[in-house]
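Please find below a note on the model under review. The points are arranged from the whole chain down to single residues.

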Amino acid sequence: MNPGPKLKSAATAATAKGNTHQHAAALAEAQLRDVALRITPARIKVLATLLEARCAFSHQDMQDQFTEMDRVTLYRALDCLTDAGLAHKIAGDDRVFRYSAGAEHGDSSPHGGATHHAQHQHGHFKCTRCAKVFCLDGSGDAGFLDSILALGDSHAGTTTPAKLHKQLQQALQDTLGKGFQGHEIELTIKGWCADCAH
């Protein structure tokens with residue numbers, strides 16, 4: 001008996017999804033190894049899920065997906081991945097943290113040049129209907145913020161993220177006084193996601 005086209009396409013989609021998940025798990029394991037973290041099944045599973053995700057997940061979203069994993073193990077895995085810079089936490093208006101994969105970038109400390117763990121420097125889009133949060137870290141050659149900066153370059157001299165940070169730091173000191181040091185820039189665009197807009 002020959003299976004119909006619907007059955008064949010469903011089987012093909014399931015195979016592709018399995019391959020994608022295997023790739024994400026292998027990538028998660030490689031990233032854990034790169035930052036010298038102990039490789040555990042929970043960390044691999046959580047990081048692989050975040051790498052595959054289109055939007056950020058709350059702890060509850062993850063708990064709903066991993067019913068076999070206890071809450072403490074999940075919290076520890078998320079905290080470990082966040083501390084290592086393999087994931088980042090996004091604070092929502094609803095006081096719920098959401099997590100997304102993404103390597104943090106080290107930054108030079110103004111105190112002696114030592115490297116410290118910098119916050120992620122990219123924007124987010126939050127859907128005001130479904131509350132999903134999407135990272136605006138770019139999918140092409142330039143990230144979202146770099147693309148925005150490039151738009152401003154046509155009117156002024158060349159602006160780089162480092163120059164922008166310096167300009168913002170100067171504006172902060174001009175406004176609030178000497179001694180104030182900014183360490184994180186947040187950009188959140190609110191609107192409706194593609195699913196909710198229809």
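1. Basis of the values. The structure is a predicted model, in which local features need pLDDT of at least 70 and side-chain atom pairs count only at pLDDT 80 or more, whereas totals for chains, interfaces and linings use all residues. Residues are numbered from 1 along each chain as its sequence is written, and side-chain values use heavy atoms, with hydrogens and water left out.

2. The chain overall. Seven helices and eight strands make up the assignment for the chain; helices (H or I, at least four residues) and strands (E, at least two) are DSSP runs, numbered from the N terminus. Of the 198 residues, 29% count as buried, where buried means under 20% relative accessible area, exposed over 50%, and partly exposed in between (1.4 Å probe, protein chains only). The chain exposes about 13,100 Å², and carbon and sulfur atoms supply 56% of that area; accessible areas come from the Shrake-Rupley method with a 1.4 Å probe, and for residues only the protein chains shown count as cover. Among contacts between residues at least 6 apart in sequence, 46% join residues at least 24 apart, contact meaning heavy atoms within 4.5 Å.

3. The antiparallel sheet. An open sheet is formed by three strands in the order β1-β3-β2, with antiparallel pairing; two strands pair if DSSP finds at least two bridges between them. Its edge strands are β1 and β2, each of which pairs on one side only. Strand β1 (residues 57–58) is joined to β3 by two bridges, while β2 (residues 87–91) and β3 are paired over five bridges. β2 and β3 also form a hairpin with five residues between them, and Arg 95 in the turn has a positive phi of about 65 degrees. Ala 87 stands opposite Ala 101 in β3. Four of the five residues of β3 are buried.

4. Arg 98. Which strand holds Arg 98? Arg 98 lies in β3 (residues 97–101). Arg 98 counts as buried because its relative accessible area is 9%. Leaving aside neighbours within four places in sequence, the residues in contact with Arg 98 include Phe 57, His 88, Lys 89, Ala 131 and Val 133.

5. Helix α2. α2 lies across β1, β2 and β3 and runs at about 85 degrees to β3; axes are lines fitted to C-alpha atoms, for helices over the stretch in contact, and angles run from 0 to 180 degrees between N-to-C directions. Its buried residues include Ala 42, Arg 43, Ile 44 and Leu 50. At 1.5 Å a residue, the twelve residues of α2 (residues 41–52) should span 16 Å, and the end C-alpha atoms are 16 Å apart, which agrees; the expected span is 1.5 Å times one less than the number of residues.

6. Helix α4. α4 lies across β2 and β3, at about 105 degrees to β2. The 14 residues of α4 (residues 71–84) should span 20 Å, in agreement with end C-alpha atoms 20 Å apart. Among the buried residues of α4 are Leu 74, Leu 78 and Cys 80. At the start of α4, a side-chain oxygen of Asp 70 reaches to within 3.2 Å of the backbone nitrogen of Val 72. Just after α4, Gly 85 takes a positive phi of about 85 degrees.

7. The mixed sheet. A further open sheet has three strands in the order β7-β6-β8, with mixed pairing. β7 (133–136) and β8 (188–191) each have a single partner strand, so one side of each is left without a neighbour in the sheet. Neighbouring strands of this sheet are turned by 25 degrees against each other on average, direction ignored. β6 (residues 123–127) and β7 pair in the antiparallel sense over four bridges, and the bridge partner of His 124 in β7 is Cys 135.

8. Gly 123. Gly 123 belongs to β6 and is buried, with a relative accessible area of 0%. Gly 123 and Thr 188 are 65 residues apart in sequence and 5.7 Å apart in space, C-alpha to C-alpha.

How values were computed. A polar contact is a pair of N or O atoms within 3.5 Å; within protein, one must be able to donate a hydrogen and the other to accept it, and residues adjacent in sequence count only if both atoms are side-chain atoms.
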